[in-house]
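This report describes a predicted model.

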Amino acid sequence: KSTVSSQLKELGCPIIDADVVARKVVKPQSPAYRLILQHFGREILLDNGEIDRQKLGQIIFSSPEKRKLLNSITHPEIHKEMFKQILLYFIKGYRYVILDVPLLFETRRLTRFLTHTVVVYCDPATQLSRLMQRDGLSQEEAEQRIGAQMPLKEKRGLASHVIENSGSREDTHRQMLRLHTKLEDSMEFLVVRAVAVAAVAGLGGLFLCTVRMLVS
Ligand SMILES: CC(C)(COP(=O)(O)OP(=O)(O)OC[C@H]1O[C@@H](n2cnc3c(N)ncnc32)[C@H](O)[C@@H]1O)[C@@H](O)C(=O)NCCC(=O)NCCS
Ligand SMILES: Nc1ncnc2c1ncn2[C@@H]1O[C@H](COP(=O)(O)OP(=O)(O)OP(=O)(O)O)[C@@H](O)[C@H]1O
């Protein structure tokens, strides 16, 4: 996903990266940080008071219950922050925003606000070896992380568009350009801008409707 979203960023597309947001919402003294400490204890902290991501990762990727608990703490905060950022882009006049979200189909919370969903697919063996290489993980650690998410094959069936990324970056780039053109063509930005003005004027009830149109 990050590979494709950074290619889209180079084209000037606005991107909201859920992984970046996830790091922001657990900064020391934030509500999610406090809840994490309450439930996981101070032993998951680094000396500087920040969360030791490696330690927390070891805990949650080897226990589905703990992962569920962490998700229940972080996901509402992540989604709130993402909606804020979406609205900001909208106010700035962007016609749409691209969300880079690892657990989109697993949490299902966001999908109803989106008209287009894109899965960046690669075959399982390639996924495993790329993850091991990128994060310096053992095979077991990488399998645990992949096992904590819906299989890509299943996600592929749920997406409205698929980018096949088992091959070269150049091939992926070409597919991304084709998809970008197709999606740009499908934007109805005049309607979207009209709703944005209403939302900025404080018509709170229109917020969800605004978001739905924004990411269309
Ligand atoms: C557990 C944490 C501290 C580990 O951090 P770390 O920097 O070591 O790993 P990173 O965030 O890069 O994730 C590693 C891999 O695991 C996946 N992943 C991350 N969180 C989860 C999760 N809750 N469930 C399934 N897969 C996950 C990522 O997509 C990635 O493929 C961190 O992933 C986290 O805070 N997760 C909970 C928030 C979350 O769900 N983030 C996903 C995006 S919304
Ligand atoms: N076509 C490709 N050829 C070679 N390497 C690739 C290709 N696409 C992605 N990679 C590499 O695979 C690794 C994983 O890709 P990327 O970080 O884009 O995945 P992601 O879906 O964002 O992952 P996560 O959900 O784990 O954050 C990265 O090191 C990336 O550079």
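The buried residues of α5 in this predicted model are L70, I73, I78, M82, I86 and F90. An α-helix has 3.6 residues a turn, so residues three or four places apart point the same way. The helix α5 itself has 29 residues and reaches 40 Å from its first C-alpha to its last, which is close to the 42 Å expected at 1.5 Å a residue. Along its course there is a kink of about 30° at T74, shortly before the proline P76, and after the helix comes G93, whose phi is positive, near 105°.

The largest nonpolar core holds 22 residues, and those that touch the most other members are A18, V21, V25, A32, I78, M82 and L99. At least two residues of this core are supplied by each of α2 (18-24), α3 (31-40), α5 (64-92) and β2 (98-100), and the largest share, six residues, comes from α5. When neighbours within four places in sequence are left aside, M82 is in contact with I16, A18, V21 and L99. Another core, of six residues, lies apart from this one and includes V4, V118, I163 and M176.

Two ligands are surrounded by residues of the chain. Around ligand 1 there are 18 residues, the closest being A18, R53, G57, P102 and A148, and α2, α4 (53-61) and α5 each give at least two residues to that shell. Ligand 2 is surrounded by K1, S2, T3, D19, P102, R130, R134, N165, S168, R169 and T172, with α1 (2-10), α7 (124-135) and α10 (169-185) as the elements that give two or more residues. The two shells divide by class as follows.

Which values of phi are positive in residues other than glycine, at Q29 and at R108? Most residues other than glycine have a negative phi. The phi of Q29 is near 75°, and Q29 is placed in the loop between α2 and α3; for R108 the phi is near 65°, and R108 is found in the loop between α6 (104-107) and β3 (118-121). Q29 is exposed because 7 other C-beta atoms lie within 10 Å, and R108 likewise counts as exposed, with 10 C-beta neighbours inside 10 Å.

Technical notes:
Residues numbered from 1 in each chain as written. Chains lettered and ligands numbered in written order. Predicted model: local features only at pLDDT ≥ 70, side-chain atom pairs only at ≥ 80, totals over all residues. Core = buried A, V, L, I, M, F, W, Y, C linked by C-beta atoms within 7 Å. Buried ≥ 20, exposed ≤ 12 C-beta atoms within 10 Å, placed from the backbone. Helix = DSSP H or I, 4+ residues; strand = E, 2+ residues; numbered from the N terminus. Contact = placed C-beta atoms within 7 Å. Near = placed C-beta within 6 Å. Expected span 1.5 Å × (residues − 1). Bend = angle between axes of the 7 residues up to and from the residue.
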